[in-house]
Amino acid sequence: MSEVKRIGVLTSGGDSPGMNACIRAVVKAGIGKGVKILGIEDGYKGMIENRIKELSYKDVNNVIHLGGTILGTARSDAFRTLEGRQKAIANLKAHHIDALILIGGDGTFAGGMTLTNECDIPVIGLPGTIDNDIHGTDFTIGYDTCLNTVVEAVDKIRDTASSHHRVFFVEVMGRASGYIALNSAIASGAESVLIPETVTDIPTLAKEIKDQNKGIRSSIIIVAEGDEEGGAKEIMEKVKPYLKGYDLRYSILGHIQRGGSPSAFDRILATRMGVKAVELLLEGKKSLMIGQIGRDLVVRNILEGTTGTVSNDDSGIELLKALLTKK
């Protein structure tokens, strides 16, 4: 029998749809195996402030469809200090927590490894971020839902763009990775996409818009917030001198991309990962991250999930270019 009897679970960093489905899976799988699950509110901040409570079946009933996280999430400057972490460790020991399941991104995983190094507590990381930028997994919890949210919004913007003969620059999240921008551009039929992985040339962009506008009523340009030329508003202003006579507008989708009921894909992904995390801890495993490659769950060293951002390859760009025929 495993010595793990009490597992703590937290969500940290930016919220993403499917986190609640993951918490639910951890709680139900844990209780089913005779393990107590303790929820830590607001990530490492709540760990330091001792906001830790046992979770029951009732606590996670009817949460699988909810966006956000019932545990709350926050970033903690105090956790970056030795004094803050010592408080966190003392609280974990006071609640007799034997292991941790961390739902979040690379910063969340790095925080967990720091705890492991300082108090030898086993941790398992589950990738939860809409950006889909964690090494070692094809998909992160929340990405699929975010992508569908963006596509739905762009479809609606296109209606008014077409009606008024406008060129719209639509800004989506993605400071260091263009996954959301590129794949939403493909899925929504956008005419161009600007992402951090490629260099944006303003004159070339203007020419592409002119070429695409011959014989059609509108254009949609998807802009990742991390593009080196700026966001949607900044790029629109830079292109404007090259597009005299065009009606240019911009829209920033913002935090609607993080919210909403998770897609079926994200619910299933989160559930599979949550159950697997409990199983790994009961097998005596630690310092691991669970990902999904293709259709299969994979287990990696958690350090792989902290090695920086993941960038798009050229295949998506080439796919979009193949669709951008000149009029």
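Buried, in this report, means under 20% relative accessible area, exposed means over 50%, and partly exposed covers what lies in between (1.4 Å probe, protein chains only). By that rule Tyr143 is buried, with a relative accessible area of 7%.

This is a predicted model, so local features need pLDDT of at least 70 and side-chain atom pairs count only at pLDDT 80 or more, while totals for chains, interfaces and linings use all residues. Residues are numbered from 1 along each chain as its sequence is written, and side-chain values use heavy atoms, with hydrogens and water left out.

**Aromatic pairs**

Rings of Phe, Tyr and Trp (its six-membered ring) pair if their centres lie within 6.5 Å; planes under 30 degrees apart count as stacked, over 60 as edge-to-face and the rest as tilted. Three aromatic pairs come out of this rule. One of them is stacked: Tyr44 and Phe79, at 4.1 Å centre to centre with 20° between the planes. Tyr44 sits in helix α2 (residues 43-48) and Phe79 in the loop between α3 (57-60) and α4 (82-94), 35 residues apart. Helices (H or I, at least four residues) and strands (E, at least two) are DSSP runs, numbered from the N terminus. Tyr44 is buried at 6% relative accessibility, and Phe79 is buried at 7%.

Tyr143 and Tyr179 have ring centres 6.4 Å apart and planes at 80°, so this pair is edge-to-face. Tyr143 belongs to helix α6 (residues 143-163) and Tyr179 to helix α7 (residues 179-188), so the pair ties together parts 36 residues apart in sequence. Tyr179 is buried too, with a relative accessible area of 18%.

**Salt bridges**

A salt bridge here is a side-chain nitrogen of Lys or Arg within 4 Å of a carboxyl oxygen of Asp or Glu.

| Salt bridge | N to O distance |
|---|---|
| Glu191 and Arg158 | 3.7 Å |
| Arg166 and Asp247 | 3.0 Å |
| Asp211 and Lys207 | 3.1 Å |

Arg166 lies in strand β6 (residues 166-172) and Asp247 in strand β9 (residues 247-252), so their bridge ties together parts that are 81 residues apart in sequence. Arg166 is buried, with a relative accessible area of 15%, whereas Asp247 is partly exposed at 27%. Asp211 and Lys207 both lie in helix α8 (residues 202-212), four residues apart, or about one turn of the helix. Asp211 is buried at 13%, and Lys207 is partly exposed at 47%. Elsewhere, a network of salt bridges links Glu41, Asp42, Lys45, Glu49, Arg51 and Lys53.

**Nonpolar cores and a hairpin**

A nonpolar core is a set of buried Ala, Val, Leu, Ile, Met, Phe, Trp, Tyr and Cys residues joined through side-chain atoms within 4.5 Å. The largest has 31 residues, and Val9, Ile101, Ile124 and Leu126 have the most contacts inside it. Among the elements that each supply at least two residues of this core are β1 (6-11), α1 (19-32) and β10. Apart from it lies another core of 27 residues, among them Leu147, Ala161, Ala185 and Ile317.

Strand β10 (residues 288-293) runs antiparallel to strand β11 (residues 296-301), joined by six bridges; two strands pair if DSSP finds at least two bridges between them. Ile290 stands opposite Val299 in β11. The two strands form a hairpin with two residues between them, and Gly294 in the turn has a positive phi of about 65°.
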